[in-house]
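Thanks for asking me to look this one over. My notes are below, in the order I would go through them with the model open.

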Amino acid sequence: MLNRRTLLAAASAALACLAQFPAAAQEAVKIGLILPMTGPFASTGRQVSAGVKTFIETHGDTVAGKKIELIIRDDAGVADQTRRIAQELVVNDGAKVLAGFGLTPLAMSVAPVATQAKVPTVVMAAGTASITKASEYITRTSGTLPQYSLPVGTWAAENGIKKVVTLVTDYGPGIDAEKWFTKEFKSKGGEIVEAVRVPLQNPDFAPFLQRVRDAKPDAVFVFLPSGVGSLFMKQFADRGLAEAGIKLIATGDVTDDDILNSMGKPAIGTITGHFYATAHDSPENKAYVEAFKKANNNMRPNFMSVGGYDGMALIYAALEKTKGDATGPAFMAAVKGLSWTSPRGPVSIDPDTRDIIQNIYIREVKDVNGELQNVEFKTFAALKDPEKAEAK
Amino acid sequence: MLTILFDGVAYGMLLFILACGLTVTLGLMNFINLAHGAFAMAGGYVTVVMMNRYGISFYWCLPAAFIVSALIGLVLERTLYQWLYQVSHLDQVLFSIGIVFMAVAATDYFMGGQQQLINLPPELSGRMDVFGVGVGRYRLFTIIVCAALALALQLILSKTRFGSRLRAAVDDRRVAMGLGINVPLVFALTFAFGSGLAGLGGAMGAEILGLDPNFPLKFMIYFLIVVSVGGTSTVSGPFLAAMLLGIADVAGKYYVPAIGPFVIYALMIVMLIVRPNGLFARGGR
């Protein structure tokens with residue numbers, strides 16, 4: 001304990017020094033991008049970094065007279081690593097902005113570094129509501145679980161669904177999703193028959209699905225991290241839940257565009273709520289998808305890639321506003337209230353919470369020209385994160 | 001109720017096929033091979049590549065998965081493993097865990113980190129009603145294949161000449177060699193066979209358990225539970241252990257979801273206290 005404390009003290013002292021003497025290299029703004037590039041969440045890292053690179057390719061690498069230098073580091077999805085890398089990036093490499101963060105615990109672990117070193121930190125993927133509360137220097141360009149779970153509840157209640165079983169993964173984001181879906185659905189007169197939580201390391205969904213089937217609800221609301229989601233989808237179909245009249249409604253993580261196409265027929269008809277679909281119909285998105293596929297071997301961009309792309313859009317716009325000044329307070333002041341048109345639609349940064357305000361779309365999985373796509377059919381415009389809105 | 005039992009049996013069968021290769025190497029060859037899951041993963045990826053890239057029928061993929069994994073096992077046994085039979089268990093563990101990490105990284109590099117999905121032939125997907133009990137077709141298929149394999153394995157080990165040579169080689173390597181048994185050959189074949197079984201398990205499990213580069217790490221714990229509860233001196237021990245764990249896991253998660261994941265560990269602890277040498281341990285081992 002003593003060791004760790006001394007180390008921390010030393011690190012913060014070093015950080016304090018750094019804050020007083022801005023690094024000599026004024027011409028370049030270094031951005032430290034920390035992502036899980038290996039390990040179980042590597043697909044997150046791959047998508048986010050591809051989004052970031054697509055932005056730099058399409059918008060050039062200079063902004064407000066400064067050159068943008070990207071330093072990508074792999075934390076393998078382990079929180080202590082994320083924190084250590086963040087410290088190294090700030091102290092040794094002189095990174096002015098930190099970005100990335102695939103999962104909630106990874107983003108949380110960096111919050112003290114961001115606060116002490118006054119480094120602007122852009123969360124591009126992690127989705128638990130409380131992250132932006134952890135430090136004044138954190139902002140977000142993905143979305144929060146409450147933000148896109150709540151509209152699914154609204155939609156379900158308005159479309160003749162009366163009884164629902166919720167099934168979520170038993171960790172931060174899952175509990176967020178369960179809470180806000182339940183709250184909204186109940187307030188609109190719906191009934192939650194049962195709330196099932198699935199362990200994060202879960203090889204077989206059979207028992208949980210059987211439980212859902214035996215409860216005979218109108219629909220089952222699901223949140224699962226994207227890779228597991230696809231496995232769930234197959235077992236859902238195999239167990240004949242659809243024939244038993246149980247509809248599948250979910251957050252968009254389950255029908256992740258990256259793997260949606262390989263899920264095959266069972267996925268068709270699933271209703272999900274999320275902030276981005278590859279099939280989103282706008283000129284900005286068409287241009288984005290085209291540029292992204294070209295640069296990435298025809299891989300489909302998913303919501304995480306857009307988090308990365310917009311994270312860069314945010315950094316560029318903020319630097320434009322501060323005329324290249326990337327110091328914490330100035331940068332964060334510029335971030336607040338920024339708004340732009342993203343591939344996902346209009347977005348802005350809430351000046352009070354530094355979290356993103358965006359449209360949430362309700363989509364249905366359909367076969368479009370031989371490819372499965374999330375097709376949007378209803379829009380909830382300009383939603384704030386409900387958790388922080390309620391706290392006020 | 002019966003559906004839960006059925007799902008539990010199917011899951012247990014799958015665990016058995018995945019773990020029984022480990023029983024063979026651990027129990028019969030006295031080698032702790034934590035990289036066992038890597039062979040299972042190889043089988044899974046063979047299936048995925050054959051089905052998704054080349055559109056080969058699922059039924060051909062299963063034997064292919066067995067053969068490819070067995071060949072990989074054979075090559076690795078000849079080049080790497082055979083030097084480690086005589087070293088301490090700790091070295092074996094370190095060596096094989098190293099192989100696991102290399103396999104995980106290599107798979108991630110070549111195949112990508114995402115979940116791999118296969119599309120089963122239509123006659124294996126969906127479910128049917130048998131006397132009012134909902135039965136998943138694929139799970140039924142799994143049970144049949146795995147049960148046949150378990151039976152065959154038991155017969156090979158107890159009734160054939162190869163089986164008795166293998167048991168002799170394990171019990172006393174020097175005497176067996178003195179009797180003219182080609183021990184390295186027996187071990188190599190056994191190792192390859194065990195790896196092949198794992199590959200088959202991986203191929204069959206891809207549909208139910210999922211498949212991504214972290215497969216060997218994710219399931220290592222399950223293999224080890226099966227082998228430690230079942231004991232390593234027989235085939236029937238791990239078989240029953242796998243059944244028991246499969247049913248307990250599925251039933252636990254169904255009836256008491258709040259503590260569901262904990263059930264198998266509790267069961268393991270109880271079993272290890274009651275029968276520390278495995279379910280059917282011979283006295284004195």
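This is a predicted model: local features need pLDDT of at least 70, side-chain atom pairs count only at pLDDT 80 or more; totals for chains, interfaces and linings use all residues.

1. Where they touch, domain 1 of chain A puts in twelve residues and domain 2 of chain A puts in 16 residues. On the domain 1 side of that contact in chain A, you'll find eight polar residues, along with two nonpolar and two charged.

2. Next, the sheet in chain A. Six strands make an open sheet with mixed pairing, in the order 2-3-1-4-5-6. Strand 2 (62-63) and strand 6 (138-140) of chain A are at the edges with a single partner strand each, so each has one side without a neighbour in the sheet.

3. Further into that sheet, strand 1 (28-35) and strand 3 (66-74) of chain A run parallel and are joined by eight bridges. If you want a pair to click on, A:K30 has A:E69 in strand 3 of chain A as its bridge partner. Helix 4 (104-117) of chain A lies across strand 4 (97-100), strand 5 (121-123) and strand 6 of chain A, at about 165° to strand 5 of chain A.

4. Now for the two chains together. The contact involves 28 residues of chain A and 30 residues of chain B. Among the chain A elements that each supply at least two residues to it are helix 2 (42-59), strand 8 (191-198) and helix 7. By class, the chain A side has eleven nonpolar, nine polar and eight charged residues.

5. Just past the end of helix 7 of chain A, A:K216 has a positive phi of about 50°.

6. Chain B has eleven helices and two strands. Its radius of gyration is 19 Å, close to the 19 Å from the globule rule for 285 residues, so chain B is as compact as a globular protein of that length. Its C-alpha atoms fill a box of roughly 60 × 45 × 35 Å along the principal axes.

7. As for the inside of chain B, 49% of its 285 residues count as buried. Of the chain B contacts with a separation of 6 or more, 78% are between residues 24 or more positions apart.

Key. Residues are numbered from 1 along each chain as its sequence is written. Chains are lettered from A and ligands numbered from 1 in the order in which they are written. Helices (H or I, at least four residues) and strands (E, at least two) are DSSP runs, numbered from the N terminus. The radius of gyration is taken over C-alpha atoms; the globule rule is 2.2 Å times the number of residues to the power 0.38. A residue is buried if 20 or more other C-beta atoms lie within 10 Å of its own, exposed if 12 or fewer, and partly exposed in between; C-beta atoms are placed from the backbone. Two residues are in contact if their C-beta atoms, placed from the backbone, lie within 7 Å. Ala, Val, Leu, Ile, Met, Phe, Trp, Tyr, Cys and Pro count as nonpolar, Asp, Glu, Lys and Arg as charged, and the others, Gly among them, as polar. Two strands pair if DSSP finds at least two bridges between them. Axes are lines fitted to C-alpha atoms, for helices over the stretch in contact, and angles run from 0 to 180 degrees between N-to-C directions.
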